[in-house]
Amino acid sequence: MTFYDPQNIELKWQKIWADQKLFEAKETSSKPKYYLVEMLPYPSGRLHMGHVRNYTIGDVAARFKIMQGFSVLHPMGWDAFGLPAENAAIKNKTHPAKWTYENINVMRAQLKRMGYSYDWGREFATCDPDYYRWEQFLFTRMFEKGLIYRKEKPLNWCEGCQTILANEQVEQGKCWRCATVVIQKMMEQWFFKITDYAEELLADIDTKLEGWPERVKTMQKEWIGKSEGAFVKFKISGQPAEIEIFTTRPDTLFGVTFISLACEHPMLLDLAKEGGREKEVKAFIEKTSKIERMKRLAGDYEKEGEFTGAYCVHPVTKEKLPIYAANFVLLDYGTGAVMGVPAHDERDMEFATKLNLPIKKMDPDPNAINIIEKQGFGSKTVVFKLKDWCLSRQRYWGAPIPIIYCKDCGTVPVPDKDLPVKLPIDVAFTGEGGSPLAKIPDFVNVDCPKCGKKARRETDTMDTFVESSWYLLRYTSPKYDQGPADPKAVKHWMPVDQYIGGITHAVGHLLYCRFFTKAMRDLGLFNSTQGVREGEAPTALPLEGATQAPVIDEPVKNLLTQGMVCLGGSAMSKSKGNVVDPDDIIQKYGADTARLFILFAAPPERDLEWNDEAVDGMYRFLGRVWRLVAEASFDKLRMSGQNQKSEEWRNKTIKRVTEDVERFHLNTALSAMMEYLNYLQTPDQKPETRDLETLVLLLSPFAPHMCEDLWEHLGHKKSLLEESWPTWDEKALVQSSMTIVVQVNGKLRGQFDADVNGDEESIKQQALALEKVKSHIDGKEIVKVIYVPKKLVNIVVN
């Protein structure tokens with residue numbers, strides 16, 4: 001036991017944990033539940049230490065809660081669909097499924113080698129047909145409920161490849177693959193009607209997300225972006241038609257000098273044709289289509305416009321106002337039409353100055369809205385910055401959208417009995433010509449499930465954020481085959497008690513999973529009927545008590561957003577080539593050392609810089625713990641707990657570590673254990689058995705493999721996971737002694753322990769009597785002795 005051998009120790013205990021199924025979660029347990037999840041990874045190839053940080057934080061919490069007596073659900077899965085797999089298939093001439101599952105096998109082995117406490121019996125990949133079957137089921141129910149619809153939307157289009165591009169595939173306005181200039185093209189797309197839940201999503205942030213970071217809550221509020229204002233109608237000059245605009249400043253109505261339309265506005269080309277400027281406006285639309293959508297959203301471009309030749313009439317003053325196409329107006333904000341008020345808007349002023357448009361100075365009129373409503377050409381309203389979620393992707397590697405198009409029956413959802421709509425395996429990948437699914441006749445050509453006539457299948461697939469929007473529910477019952485999740489398991493485990501992941505998902509995944517939970521609640525998917533259609537039999541048998549389950553409004557109670565692991569000043573990333581592979585650290589130091597560094601280097605919510613020397617320091621710390629326990633002589637160890645100072649230290653450390661782990665202050669929890677180790681290794685200390693046991697118990701969630709071996713060495717038969725977390729005695733925390741530092745002429749010469757209630761004179765005499773101090777004061781005149789209460793004695797001599 002004198003040599004710390006992490007390689008053999010870690011493999012030994014990983015096998016024991018697996019054989020004894022110590023991480024298997026059970027709904028039948030009488031213990032209180034604790035559901036802990038780290039955001040599931042994308043299987044991109046190999047883990048780096050940035051991944052390790054996320055999972056190690058979660059593992060400490062899981063082991064801590066197990067030892068506190070909770071029944072812990074700590075699952076792991078794979079966010080397996082997505083564009084990178086398709087790109088890899090094109091580049092390496094392989095199939096996305098093969099690339100994905102090979103990567104999963106590699107990453108699973110890496111996670112297991114780190115000793116994480118996952119219930120591997122609940123593992124799934126979102127590209128498994130058994131998973132996306134229920135995603136397609138959810139699509140059909142949401143479609144029938146009116147929560148999914150189809151409409152035109154501008155998308156990134158590459159003429160060279162004849163395909164739609166994701167935003168990340170557009171590089172400096174050009175296709176990442178062929179360098180063709182990317183344009184915006186109107187195409188029909190499928191949308192989730194997330195805006196139906198905008199008000200509830202916003203309201204619940206303050207009332208039901210108490211355990212979320214304020215930064216994330218603020219980001220979601222801003223993303224949802226509630227705006228109060230008014231719709232105002234401007235009649236087109238010489239026509240019965242009207243243009244409806246939205247404004248947050250109806251009080252500036254009398255300062256309007258022009259109207260601007262988005263290039264995608266449905267009335268724009270008709271107005272240009274009527275105004276005799278169709279050619280000019282079309283050219284402007286073409287020019288605007290080449291501005292990257294993200295730049296348009298950010299306003300990071302020169303503001304330009306083109307006159308349509310048409311005019312509208314001010315509803316009150318009856319002035320004629322010119323109508324412009326403008327590149328800064330977005331179709332999906334408000335109505336895609338805005339009123340230009342240069343005197344009260346910086347952007348409008350820039351636009352008006354450039355095009356030599358009039359600028360009307362006036363004082364805002366708070367009564368304008370009353371005039372608008374009274375005369376019937378407008379009304380107060382509330383709009384949201386949040387837009388409906390486009391879920392269509394013109395790619396192969398995603399869940400097929402379960403829709404069939406029939407000339408007679410229209411748009412028909414695929415019946416439950418025909419789910420899942422599986423991805424065909426025999427597919428050629430070239431990266432050109434749109435989705436390869438559209439080129440597979442056996443996939444496209446189907447019979448209509450309603451009338452039996454020839455029909456065609458939808459060839460778009462779903463956005464990968466759809467998979468991650470409901471996986472937290474699927475973890476509760478991953479093998480359930482009568483619905484997306486077993487209502488009984490949902491009732492037992494949900495909501496998630498602790499969720500851990502990056503802040504980058506604050507307004508994407510974290511908002512979408514909230515929306516899905518609310519939508520599934522309203523579809524009846526958390527009760528025994530599993531969202532059956534009216535008149536149909538339930539897909540699941542009634543469950544006793546299921547209908548009395550509490551309503552689940554939010555998926556996550558507490559959220560921790562961990563910082564990045566950086567190398568060379570930037571976050572670790574395979575694309576940048578600045579990654580550290582955990583296997584390299586494990587081979588040299590062991591998994592426990594890797595875990596300790598990642599936890600000690602910085603608080604979880606902050607970024608940390610990788611440091612090889614600090615890793616070595618953690619290895620030395622573990623070596624000190626190992627030697628202290630392994631070299632202890634049992635026949636000399638005391639069990640009495642009569643050493644009052646040792647008991648103070650022991651109880652103080654238990655309290656500090658417990659409270660720090662509860663708050664995820666994991667670096668300071670480790671600091672407390674390091675201080676305790678220093679105390680136990682002072683020359684005049686003789687650790688008792690309970691001192692060593694306490695140190696091992698407290699350290700075990702952080703360095704579980706080594707601690708299991710030391711616990712066995714201390715004579716215990718059960719795993720640490722079956723032991724109870726230590727508790728402290730408040731009475732023992734009452735300090736009975738204090739350490740007094742002794743200085744001679746301001747220089748440290750010694751220290752001693754004194755009674756905490758000792759008087760000043762007795763403490764001064766103890767200081768003068770120290771052997772180390774006598775050699776510095778013998779034969780010298782003592783000018784004075786200064787006592788700083790409970791801290792030090794300074795002896796001044798000539």
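Analyst: Contact here means heavy atoms within 4.5 Å, while axes are lines fitted to C-alpha atoms, for helices over the stretch in contact, with angles running from 0 to 180 degrees between N-to-C directions. Helices (H or I, at least four residues) and strands (E, at least two) are DSSP runs numbered from the N terminus, and two strands pair if DSSP finds at least two bridges between them. The model is predicted, so that local features need pLDDT of at least 70 and side-chain atom pairs count only at pLDDT 80 or more, whereas totals for chains, interfaces and linings use all residues. Residues are numbered from 1 along each chain as its sequence is written, and side-chain values use heavy atoms, with hydrogens and water left out.

The sheet is open and has 4 strands in the order β2-β1-β22-β23, paired in parallel. Because β2 (71-73) and β23 (559-562) each have a single partner strand, they stand at the edges, and one side of each is left without a neighbour in the sheet. Neighbouring strands are turned against each other by 20° on average, direction ignored. Within the sheet, β1 (residues 33-38) and β22 (residues 498-502) run parallel and are joined by 3 bridges, with L36 standing opposite Q498 in β22. Across β1, β2, β22 and β23 lies helix α2 (residues 49-67), which runs at about 170° to β1.

Another cis peptide bond runs from L419 to P420, with omega near 5°, and P420 is found in the loop between β18 (410-413) and α13 (441-444).

As for the backbone angles, N356, in the loop between α11 (346-354) and α12 (368-375), has a phi near 60°, a positive value in a residue other than glycine. N356 counts as exposed because its relative accessible area is 71%, where exposed means over 50%, buried under 20% and partly exposed in between (1.4 Å probe, protein chains only). K790, which is not a glycine either, has a positive phi of about 65°; K790 lies in the loop between β29 (782-788) and β30 (792-797) and, at 53% relative accessibility, counts as exposed.
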